[in-house]
Amino acid sequence: MVVLVSGFVDVTFVVKTEVTKFQKFHEEWHEHLRELVQQMSKLPKSCTTNQDEQNTKLLIQKVISHINEYYRVKSLAAKNDILYIFSAPWSNSLERSLYWIAGWRPTTAFHIIYSECGIHLESHITNILNRFRNSDLADLSPNQLTRFSELQCETIQRENNITEQLSDWQDSANDIIENIDKKMETLVGILERADEVRLNTLHNLVHLLTPQQLLEFLIAATQLLFGIRSWGINHDNQRVKGSDVSVLKF
């Protein structure tokens, strides 16, 4: 729906409609991701048959496609209102405190894998001493570890470069009003590069890890996402309740 005002298109209404659509999309996207995670959790811990491996690969492909779709829609919404994307009203206060350029920090993926490696190493110590392979994240090959380290260094460098670009953008705030359109376009570009690093990190891990390792990583990453989201929502709700009580006392 487009509103006409004295023969002109009400651009404000169009933009507001588009960004509101993204907020609804974000909520629905999260719900579908939760469903996919539940399906992943039901898969066998190790693929003992070809059918198990095919089912794992198929579900992983669905999750990756779901994530790709999120960034496609996010990019369109950012072009309509980049500041709305940065403000992220669909997120809670904890989530926003952890954001790096309107999203998760790419190097978080490596920290998750390191953490999962530690957990599996402790639980599989006997198998490891007996040279029994578990095919999980504690069983990364020397080649995988080398490439993993290279990817982490590359990602850190790209993160730092984009952080510097955002810093330069913020340092030039004195001329933001005079060149508002250009400044917003620049900010859109910074976000696009940040999202590109996020997606590239995920896609590189898809090629680096085995299906079983990737499955474990995706489950761990999404559980962290849901845990942060749940805790943040509860915290914000408690704060609102506390404010209501203070108002009533006053």
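Biologist: Where is the place of Ala 102?

Modeller: Ala 102 sits in the loop between H4 and H5. Helices here are DSSP runs of H or I with at least four residues, numbered from the N terminus. Before we go on, this is a predicted model: local features need pLDDT of at least 70, side-chain atom pairs count only at pLDDT 80 or more, and totals for chains, interfaces and linings use all residues. Residues are numbered from 1 along each chain as its sequence is written, and side-chain values use heavy atoms, with hydrogens and water left out.

Biologist: OK. Is Ala 102 buried or exposed?

Modeller: Ala 102 counts as buried because its relative accessibility is 13%. Buried means under 20% relative accessible area, exposed is over 50%, and partly exposed is in between, with a 1.4 Å probe and protein chains only.

Biologist: And what is its phi?

Modeller: Positive, about 60°, although Ala 102 is not a glycine. Most residues other than glycine have a negative phi. Ile 101 lies in the loop between helix H4 (93-98) and H5, and its phi is also a positive value, near 50°. Ile 101 is buried, since its relative accessible area is 6%.

Biologist: Switching to the core: which residues touch the most other members of the largest nonpolar one?

Modeller: Ile 85, Leu 209 and Phe 217, out of 57 residues in that core. By nonpolar core I mean a set of buried Ala, Val, Leu, Ile, Met, Phe, Trp, Tyr and Cys residues joined through side-chain atoms within 4.5 Å.

Biologist: Which helix gives the most to this core?

Modeller: H8 does, with 11 residues.

Biologist: What is Ile 85 in contact with?

Modeller: Leaving aside neighbours within four places in sequence, the contacts of Ile 85 include Phe 22, Trp 90, Leu 191 and our Ala 102. Contact means heavy atoms within 4.5 Å.

Biologist: How about Asn 92, where is that?

Modeller: Asn 92 is in the loop between H3 and H4, and it is buried because its relative accessible area is 5%. A polar atom of the Asn 92 side chain lies 3.1 Å from the backbone nitrogen of Leu 94.

Biologist: What does Asn 92 touch beyond residues up to four places away in sequence?

Modeller: Ile 228, Arg 229, Gly 232, Ile 233 and Asp 236.

Biologist: Last one: where is Thr 210 found?

Modeller: In the loop between helix H8 (180-208) and helix H9 (211-249). Thr 210 counts as partly exposed, because its relative accessibility is 32%.

Conventions. Helix = DSSP H or I, 4+ residues; strand = E, 2+ residues; numbered from the N terminus. Polar contact = N/O pair within 3.5 Å; in protein donor to acceptor, adjacent residues only side chain to side chain.
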